[in-house]
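Colleague: Can you walk me through this one? I'd like the fold to begin with, then the inside.

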Amino acid sequence: MTTHRTALTSAHITAILFGLTGIFGALIHANASVITFGRAAFAMVALFIFALVQRRPIFRELNRSRIGFFLISGLLLTSHWITFFIAIKVGGVAVATLGFASFPAFIALLDVAIFRDRMRFSESVLLILVTAGLVLVTPSFGLGNHGTLGLLWGLGSGLSFALLAIANRRAAQGVDAVQIAFWQNTTVAVVMIPFSAFSLVELAAVDWLNLALLGIFCTGLSQYLFVKSLEGMNARSAGMIISLEPIYAIACAWWLFNEAPSYRMLAGASIIVLAIVFSPQGHSGPGKAVAE
């Protein structure tokens, strides 16, 4: 009972930390490249220290195929974070988070398109519900609306995360989760140095603080807590809790930035969240692919 309660607490804290990712993205006065680099760099350092303390094998069995996997998945993670933070800067926390929340639908589509898997009835229902939810969330069907542009960037973030989830699911079997997270974050940091180095000197002290909190807690700690939660509950239960991330994000944005969602957005958000919770992907969760 104690183990399950601890796992339940870990999963809910993870969902809150994931939801706070968008909040920090809005608070930090920097472009998406700088935020992505800072998040990855702080997470890399935190994960390295954690691996030393816990004696996790971050340098073990670094063969050519594993390094290739870390590089490709790291590039997908870079794409996911860049598009997500652009979505926040353009359209706000709510639409960015809801756009990203479409990733289970993208996973279902990609499994059919790439691996020729047969789409099940439940996956078809997921696609229909997510599509309906996104239609309700869309502020306007013209590209001149910032909310609509933000939603499109959020959808791009969901697509890149779906690709990351599939890559991790297919290639990360038997690899330590901390090792995966460390090398993926290292790849992101290295890739983003040329695009962010000159802008880092312009950051205020409070922005550095928020970057550290984003990288250490919303990235390093959240990834550890999610893995920890799986020790006391199955992936289906953990995935359902993590699916509440958009709710936490919208509530925090409403409280901090007065981004009050419309009734139409709340209806769309409810449909999307319920579709994810009751979908096969929402049940199983993205496993080691969780990096949001």
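Modeller: Read along the sequence, the pattern is α-α-α-α-α-α-α-α-α-α-α-α-α, which comes to 13 helices and 0 strands. Helices (H or I, at least four residues) and strands (E, at least two) are DSSP runs, numbered from the N terminus. This is a predicted model, where local features need pLDDT of at least 70 and side-chain atom pairs pLDDT 80 or more, while totals for chains, interfaces and linings use all residues. Residues are numbered from 1 along each chain as its sequence is written, and side-chain values use heavy atoms, with hydrogens and water left out.

Colleague: What share of the chain is buried?

Modeller: 52% of the 292 residues. Buried means under 20% relative accessible area (1.4 Å probe, protein chains only).

Colleague: Which residues touch the most others in the largest nonpolar core?

Modeller: Ile35, Phe85 and Leu214, out of 42 residues. Helix H3 (residues 64–91) gives the largest share, 8 residues. Such a core is a set of buried Ala, Val, Leu, Ile, Met, Phe, Trp, Tyr and Cys residues joined through side-chain atoms within 4.5 Å. Another core, of 17 residues, lies apart from it, and includes Val130 and Ile276.

Colleague: What does Leu214 contact, beyond four places in sequence?

Modeller: Thr21, Phe24, Ile28, Ile35, Arg39, Phe85 and Thr219, where contact means heavy atoms within 4.5 Å.

Colleague: Changing topic, how many disulfides?

Modeller: 0 in the whole structure, counting cysteine sulfur pairs within 2.5 Å.

Key
Buried means under 20% relative accessible area, exposed over 50%, partly exposed in between (1.4 Å probe, protein chains only).
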